[in-house]
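Please look over the sequence and the fold together before reading on. The report that follows takes up a few aromatic rings and then the sheet with its helices.

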Amino acid sequence: MKELRVTRRNSTFQILQALKTNRAKRNELNEVFVEGIASIKAARRGGHVVRRIVHAERRPLSGWARSLIEESTTAQVISLEATLYGELCDREDPSEVIATFERKGLSLSKARLSKKPFVVVLDRPANHGNLGSIIRSANAFSVDLLIAVGHGVDFYDPAVIRSSIGSIFSAQICHVDSLKELTGWIETQRALSPGLTCAGTDSKGSTVADEKAPLERPVVLLLGNEARGLSVELKGLADRMVRIPMTGSVDSLNVACAASILMYEVARGALRPRG
């Protein structure tokens, strides 16, 4: 396979840089920038098509990296001058390759849900690390669908991908701008899944998430913004507002911590004996 050698900040390098830093460019090209072997492997397992493979010139490649290049027959292979390659890498010890992948878009109408769905709605997520951690926990606790509402951090920002340890590539994720669209979709799900509950989250919620008022499938879990909490509009969709019981001096948790606890409560509910 013929490689493209890049030794200066030409248009190819600028595209790579834009894919890393610019949400609009990722949307325009429908392409995401992935650094780190674990995340690259996760993207491939998730069936995402490799578009570009980038490595530093004159740096020996491992057998895995050579196999990646050989197997990705439609990908463009780019050899970057070492200094330029370093500029694209966030890690002090850069991974041997960077890859870009075709992004799989998903609309609410195309989402596949289980018989008793578990959906998490994120209100204007603002922190890359928190969002990645929530995606990772959602994978661990078998969440069917993650929905981001309003303007917030891009799901496919490299920092989010890195924080998720690549689990984003096996998740169903969707962004909606319109609360009206989300409201209509939830009403459709209520008709399809009798008993579906919308549970809003707040440190001053009226009910405690425990055995007395368990969070169970089918459920839509509404998580607030890190700084401003859950919007008034999303609170209006909630059948109840739940809180996590705390006995220390703090009165709130980091949103990723709170999300993981509440997702675990839903997962634990599926294991409770019936009858």
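Are Tyr156 and Phe169 buried or exposed? Tyr156 is buried, and Phe169 is buried as well, where buried means under 20% relative accessible area, exposed over 50% and partly exposed in between (1.4 Å probe, protein chains only). This is a predicted model, in which local features need pLDDT of at least 70 and side-chain atom pairs count only at pLDDT 80 or more, while totals for chains, interfaces and linings use all residues. Residues are numbered from 1 along each chain as its sequence is written, and side-chain values use heavy atoms, with hydrogens and water left out.

Rings of Phe, Tyr and Trp (its six-membered ring) pair if their centres lie within 6.5 Å, and planes under 30 degrees apart count as stacked, over 60 as edge-to-face and the rest as tilted. By this rule there are three aromatic pairs. The rings of Tyr156 and Phe169 have centres 6.4 Å apart and planes at 35°, so this pair is tilted. Together with Phe101, these two residues form one aromatic cluster.

Helices (H or I, at least four residues) and strands (E, at least two) are DSSP runs, numbered from the N terminus. Seven strands form an open sheet with parallel pairing, in the order β8-β7-β6-β11-β9-β12-β10, where two strands pair if DSSP finds at least two bridges between them. The edge strands, β8 and β10, each pair on one side only.

| Helix | Lies across | Angle |
|---|---|---|
| α8 (residues 179-192) | β6, β7, β8, β9, β11 | about 150° to β7 |
| α10 (residues 255-269) | β6, β9, β11, β12 | about 170° to β11 |

Methods: Contact = heavy atoms within 4.5 Å. Axes fitted to C-alpha atoms, helices over the stretch in contact; angles between N-to-C directions.
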